[in-house]
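Dear colleague,

Please find below the structure I promised to hand over, with the sequence alongside. My notes on what was found follow after it.

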Amino acid sequence: MTSASLQLTHIGVPPIKCQGIKTKLVPFILNQIVWQETKDATWIEPFLGSGVVAFNRLPHRAVLADTNPHIIGFYQAIQQGTIDRASVQKFLVQEGEMLRQHGAEYYYTVRDRFNQAPSPLDFLFLNRACFNGLMRFNSKGQFNVPFCQKPQRFSQSYITKISNQVDWVAQRMIGKQWKLCIADWQQTLQAAKPEDYVYFDPPYIGRHADYHNQWSLEDAEKLAAIAQQLPCGFAVSMWLENRYRQNDHIQQSWSNLDTRTHQHFYHVGSHEKLRSAMTEALIIKPGWVAS
């Protein structure tokens, strides 16, 4: 891999949706990142989320972490081959038909089943059948997003689309040294080396609640302090402003670093004001480049 930023001609979409998913921002993010990927260099993501940035960046070595065990469990199942395109298609055809016949009642049956005994396939079903593509858990760690009120949700074309997305992720993982782990962001950063690169996509202050753990201004300030002591380069995704307000945290905690901006529109969110136009910020510390 050269030290030039990555130029993407096609953006792949992962099968998992969550608030703040970066699909449309991937070209902006990766075209700003300059990182020379040496043999022993590792791409690190302490907040994996949907995984869209890592899956499109496609590093050879990576540590992909999240505190949400269901996200990590889902992608581990793909990595290990315990779920694949065929098994996903079969499952969604079966569950989609039950949803078509029984509507909301069946959605809540699956939600209860998942909360009692989580499985990657139930997680995928709920993620694609819930209200507005939200990913939200209560204080007991139970998925609590209501039904999207679309019993016909799983059409054949929709099932094929999701199954192909699972296969796309599986193909991206072949031959890669990727460690998927359930871990706190601070724990994930402990082994960072000068030649590594860290991409941070933390929950956005004032926008996302109950993604899996709460995220406060104090957490954000701690991340800013620790990140700026890292021996390697990094990039941090954060919202800068919308028509309602501005994110003062960037000026207060990140003003010494380069900030690039991009206009974006969110389509995922529980309220209309969370789906409005947004100026995104990417805060950058350059990565290591051989002289």
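Of the 291 residues of the protein chain, 52% count as buried, a term that stands for under 20% relative accessible area with a 1.4 Å probe, protein chains only. Please keep in mind that this is a predicted model, in which local features need pLDDT of at least 70 and side-chain atom pairs count only at pLDDT 80 or more, while totals for chains, interfaces and linings use all residues. Residues are numbered from 1 along each chain as its sequence is written, and side-chain values use heavy atoms, with hydrogens and water left out.

The protein chain holds 10 helices and 7 strands, which are DSSP runs numbered from the N terminus (helices H or I, at least four residues; strands E, at least two).

Helix H6 (residues 120-129) is mostly covered, with 9 of its 10 residues buried, among them Phe123, Phe125 and Arg128. These buried residues pack against helices H3 (69-80), H4 (85-102), H5 (104-116) and H7 (156-173).

Turning to the strands, E1 (residues 43-45) runs parallel to E2 (residues 61-66) and is joined to it by 3 bridges, with Glu45 standing opposite Leu64 in E2; two strands pair if DSSP finds at least two bridges between them. Together with helix H2 (residues 52-57), E1 and E2 make a right-handed β-α-β unit, where right-handed says that, with the strands pointing away from the viewer, the path from the first strand over the helix to the second runs clockwise. E2 also pairs with strand E3 (residues 177-182) in the parallel sense, over 6 bridges, and Cys181 in E3 is the bridge partner of Ala65.

With best regards

Notes. Buried < 20%, exposed > 50% of the residue type's maximum accessible area, 1.4 Å probe, protein only. Contact = heavy atoms within 4.5 Å.
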